[in-house]
Amino acid sequence: MNNMNEKMLAALKQETSNKLPKELEIATAAHKRELAEAKERHRVAVRGLEQRARELEAENRALLSGGEQAKARAEVREKEWRLKVEEAARRSREAEWKMARAQEENKKVVQVANKSVEKVKEEYNRKLNEMKNKCEQSILKFKQEKTLLEERLKKAETELKKESAKCINEVLSLIHICRCRRIERCRSRWSPYH
């Protein structure tokens, strides 16, 4: 019975340990991928803008030496560059907002997973308690049956002793009848008159 209970407990543990970590792992992996992609896009955008800014600065220097017309073109390009920097900053803020949102979603997923783990633990403890109660009931029933069997055994032993005494009396009576040589009928302590 103990082996059966141990096998059931092992199966229950295996089932609960396989369910939740897979779901949590899948959700966490998805959020990590989204975060990594957002970070990578942000890095690429910043690198491109920095490179373009350096190019524009070099061009501005070259144009400034060329006079007023070059100066005007440089101002236009500087405005373009500022607009692009603002766009990059906006994208960066967007990426940060997405990252924060992904982290919040990840926290929610972790909370849901923790609740699921708690539920599974409660279910496991409930089943374990049920099994303990069943085992205790089985042990109690076994003890009651053992007591009944012992009582029946004692009763049978008592009846066997009575029957053996009766058989001994009958055997002694037969021995007396077979050995008795009297002419008149006698009555022994073992048998009626013969």
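Here is a quick look at the overall build of this predicted model and at some of its salt bridges.

Residues are numbered from 1 along each chain as its sequence is written. Local features need pLDDT of at least 70 and side-chain atom pairs count only at pLDDT 80 or more, while totals for chains, interfaces and linings use all residues, and side-chain values rest on heavy atoms, with hydrogens and water left out.

**Overall build**

The chain has 2 helices and 0 strands (DSSP runs, H or I of at least four residues for helices, E of at least two for strands, numbered from the N terminus). Of its 194 residues, 15% are buried, meaning under 20% relative accessible area with a 1.4 Å probe, protein chains only; exposed is over 50%, and partly exposed lies in between.

The whole structure holds 10 salt bridges, each a side-chain nitrogen of Lys or Arg within 4 Å of a carboxyl oxygen of Asp or Glu. Among them are these:

| Pair | N to O distance |
|---|---|
| Arg 90 and Glu 87 | 2.3 Å |
| Glu 94 and Arg 90 | 2.6 Å |
| Lys 127 and Glu 123 | 4.0 Å |

Arg 90 and Glu 87 sit 3 residues apart in helix H2 (residues 68-179), so about one helical turn separates them. Glu 94 and Arg 90 are 4 residues apart in helix H2, again about one turn. Arg 90 is partly exposed at 35% relative accessible area, and Glu 87 is partly exposed at 29%.

Further along, Lys 127 and Glu 123 are also 4 residues apart in helix H2. Back at the other pairs, shared partners link Glu 87, Arg 90, Arg 91 and Glu 94 into one salt-bridge network.
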